[in-house]
Amino acid sequence: MGVSLAIVMSVIWFSVLPLLQVGLVLLIHQRFQNIDFASSGVQPVATGGDFLGVPIWMLAFQAAFGAAFLIVAVFAWRGRPRWMRQALPGAVGLLTGVILIFTLQQAFSQPDLQAGISSVDGTSLLKGDFLGSLLLMLFVIWYMNRGPARAFYRGYYLSHPEESSREPEQPLETP
């Protein structure tokens with residue numbers, strides 16, 4: 001149950017939500033690009049705005065990491081190969097580190113006044129994203145190193161330590 005919980009939570013956090021965010025941003029961009037002002041008779045209030053809000057390379061980067069993590073999670077869910085027990089926490093740690101880098105970069109950079117400032121430009125969303133990623137990373141690392149997770153990836157449970165160390169009873173020999 002814990003392995004499933006760790007995998008499902010990390011897939012939602014590192015694959016589903018980022019891919020939904022990329023899809024939503026691209027859908028909004030596509031809708032604004034397809035507005036036909038000439039046939040509707042409505043004059044645009046302003047033109048030349050950037051509806052993406054982020055560079056296209058950043059969206060591609062986010063989509064690639066989301067898809068790559070989804071592939072890692074599928075193999076971790078299967079339990080094969082055995083080294084996926086270390087790969088899943090490693091991927092979660094890597095993505096948490098990437099989120100930390102973007103959070104620090106956003107926190108220490110000055111906003112571009114020519115592009116405008118909005119309420120989304122603050123770092124509170126990124127700080128929350130980093131905090132959630134950090135907590136999830138700690139849970140995944142903790143659970144993947146527990147005995148049930150090791151047994152799942154090993155494919156069998158070990159015998160109880162008292163049973164394996166006990167020698168078979170033999171009658172005592174008298175001299």
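Buried residues (under 20% relative accessible area, with exposed meaning over 50% and partly exposed in between, using a 1.4 Å probe and protein chains only) make up 23% of the 175 residues in the protein chain. This is a predicted model, where local features need pLDDT of at least 70 and side-chain atom pairs count only at pLDDT 80 or more, while totals for chains, interfaces and linings use all residues. Residues are numbered from 1 along each chain as its sequence is written, and side-chain values use heavy atoms, leaving out hydrogens and water.

**The overall layout**

- The protein chain has 7 helices and 0 strands; helices (H or I, at least four residues) and strands (E, at least two) are DSSP runs, numbered from the N terminus.
- Read from the N terminus on, the elements go α-α-α-α-α-α-α.
- Take the contacts (heavy atoms within 4.5 Å) between residues at least 6 apart in sequence: 78% of them join residues at least 24 apart.

**How α1 packs against α3**

- Helix α1 covers residues 2-33 and helix α3 covers residues 56-78; they pack at an angle of about 155 degrees, with axes 9 Å apart.
- Those axes are lines fitted to C-alpha atoms, for helices over the stretch in contact, and the angles run from 0 to 180 degrees between N-to-C directions.
- The pair α1 and α3 is therefore roughly antiparallel, a label for angles over 145 degrees, whereas under 35 counts as roughly parallel, 65 to 115 as roughly perpendicular and the rest as oblique.
- The crossing of α1 past α3 is left-handed, which is to say that the near helix is turned anticlockwise from the far one by less than a right angle; clockwise would be right-handed.
- Sorted by class, the contact of α1 with α3 has 18 nonpolar, 6 polar and no charged residues.
- For those classes, Ala, Val, Leu, Ile, Met, Phe, Trp, Tyr, Cys and Pro count as nonpolar, Asp, Glu, Lys and Arg as charged, and the others, Gly among them, as polar.

**How α1 packs against α5**

- Helices α1 and α5 pack at an angle of about 155 degrees, and their axes are 10 Å apart.
- That makes α1 roughly antiparallel to α5.
- Here, too, there is a left-handed crossing, with α1 passing α5.
- On the α1 side, the residues making the contact include Gly 2, Ile 7, Ser 10, Trp 13 and Phe 14; on the α5 side, they include Gly 128, Asp 129, Leu 136, Val 140 and Met 144.
- By class, the contact of α1 with α5 has 12 nonpolar, 5 polar and 1 charged residues.

**The largest nonpolar core**

- Ile 7, Phe 69 and Met 144 touch the most other members of the largest nonpolar core, which has 22 residues.
- A nonpolar core is a set of buried Ala, Val, Leu, Ile, Met, Phe, Trp, Tyr and Cys residues joined through side-chain atoms within 4.5 Å.
- At least two residues of this core come from each of α1, α3, α4 (84-108), α5 (124-144) and α6 (147-154).
- Helix α4 gives the largest share of this core, 7 residues.
- Not counting residues up to four places away in sequence, Phe 69 touches Ser 10, Val 11, Phe 14, Ser 15, Leu 88, Ala 91, Val 92 and Leu 95.

**Residues to look up**

- Ser 10 sits in helix α1 and counts as buried, at 0% relative accessibility.
- Ser 10 and Leu 136 are 126 residues apart along the chain, yet their C-alpha atoms are separated by 7.0 Å.
- Beyond its neighbours within four places in sequence, Ser 10 is in contact with Ser 15, Phe 69, Leu 88, Val 92, Leu 136 and Val 140.
- Thr 96 lies in helix α4 and is buried at 4% relative accessibility; its contacts, residues up to four places away aside, are Phe 14, Phe 130, Ser 133, Leu 134 and Met 137.
- Thr 103 also belongs to helix α4 and is buried, with a relative accessible area of 7%.
- Trp 77 is in helix α3 and counts as partly exposed, at 47% relative accessibility.

**A cis peptide bond**

- Most peptide bonds are trans.
- Arg 80 and Pro 81 are joined by a cis peptide bond, with omega about -10 degrees, and Pro 81 is found in the loop between α3 and α4.
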